[in-house]
Amino acid sequence: MTTDTVTDVFEAHRPVLMGVAYRMLGRVADAEDVVQDAWLRWSAGDRAEVREPRGYLVRVTTRLAIDRLRRIKSRGETYVGPWLPEPYVTDFGDTVPDAAERAVLVDSVSLAVLVVLESLSPLERAVFVLREAFGYPYADIAAVLDRGEPAVRQLAGRARKHVAERRPRYQVDPAERRDLTERFLAAATDGDLEGLLELLAPDVRLVGDSGGKSRAPLRVLESADHVGRFLLGAARKSVPALSLRFLEVNGGLAVLALSGDEPDSVFQLDVADGRIRTVYVLRNPDKLTSLAAAL
C-alpha cells in the first residue's frame, strides 16, 4: 500500500474503531488514545498478511482497549459521587440508514447502558460490545480475544444477563424526549415547581456527576419532590452569560449549558409513558472538554 492508501484505509474504519473503544472505556480521551495507538501499529506494521483490514483493526483496537481498561481498574481509584461516562457527541445521520441497526447502536452507547457496562469485566465488556453493538459472530470474537468459541459464548451469556438485569426496562422515544425536554426547560427556568412535578415520574432519579470538582449531588436523588426542588434550586443559581444548546449525546437529545463559550454542564432525560424517569447531569469539567469541538 502507498502511504495515502494506508491512511485512507484506516480513516475509513476510524468511526467503527472509535465506537468500539468508547463503548469499551466510556471515556472519549482514552478512546482517542487507543485509536491513535491502533493507527501507529497499522502504519508501522507489516500489512502483507492482512487480508481484511477492518477485522484486523477492530482486533487491535479491542485488545488495546482491554489492556487500558485493566490498567484503569487495577489502579482502584475512588471516584467522588456518582459516575457517568464522558458525554460523546453522536450524529449517525445517513451513515446508518437501517432503523434496526441504528436503534442497536443508539442503545449500546446510551448513558444508562454504559453505566451498567462499567461493572463488567474487561473481557465481558469486549464480548458484549462486539456482539450486541456490532453484531460480530462468536467465531470472529473468539479470534479477536484469542479465546475458544465456547468460552466466548459463556462470557456473552454472563454479560447479557448482567446488562438485562440492570438496564432500564423502557424504550426512549426521541419525539417524546424532545417534547419533555423543552417543557422541562420551561418549567425549570420559570421556577414552576408544580409544572415540573407534573413532568417527573413519582420514582424519578437524578444522577449527577461532578467528580467532586463542581456543584452536583454526591448521591443519587430519588422521588419527584427531591429531584424537582433540587432542580429549581440549581436553576436559581446564576451562571455567567448562560446559554443553552441542543445536541445529540450518546444517541439521544441532550442540552448543553454554556457559560460564555465554555461548557458548564450537560443534562439528558430518559422518559417513558409521558414522564421523566431519569435526569442525568454531567458537571465534571474534565468530562466536558471534548464537547468544545461540537460548538
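Helices (H or I, at least four residues) and strands (E, at least two) are taken here as DSSP runs, numbered from the N terminus. On that basis, the protein chain of this predicted model holds 11 helices and six strands. Its radius of gyration is 20 Å, close to the 19 Å that the globule rule gives for 295 residues, so the chain is as compact as a globular protein of that length.

**Overall shape and packing**
- Along the principal axes, the C-alpha atoms fill a box of roughly 65 × 40 × 40 Å.
- Of the 295 residues in the protein chain, 48% are buried.
- Taking contacts between residues at least 6 apart in sequence, 67% join residues at least 24 apart.

**Surface and charge**

**Strand 5 and its partners**
- Strand 5 (residues 262-272) is mostly covered, with 10 of its 11 residues buried.
- On one hand, strand 5 pairs with strand 4 (residues 252-259) in the antiparallel sense over five bridges; Ala 257 has Ser 265 of strand 5 as its bridge partner.
- Two residues separate strand 4 from strand 5 in a hairpin, and Gly 260 in the turn has a positive phi of about 70 degrees.
- On the other hand, strand 5 pairs with strand 6 (residues 275-282), also antiparallel, over seven bridges; Asp 270 has Thr 278 of strand 6 as its bridge partner.
- Strands 5 and 6 likewise form a hairpin with two residues between them, where Asp 273 in the turn has a positive phi of about 55 degrees.

How values were computed
Residues are numbered from 1 along each chain as its sequence is written. This is a predicted model: local features need pLDDT of at least 70, side-chain atom pairs count only at pLDDT 80 or more; totals for chains, interfaces and linings use all residues. Side-chain values use heavy atoms; hydrogens and water are left out. The radius of gyration is taken over C-alpha atoms; the globule rule is 2.2 Å times the number of residues to the power 0.38. Buried means under 20% relative accessible area, exposed over 50%, partly exposed in between (1.4 Å probe, protein chains only). Contact means heavy atoms within 4.5 Å. Two strands pair if DSSP finds at least two bridges between them.
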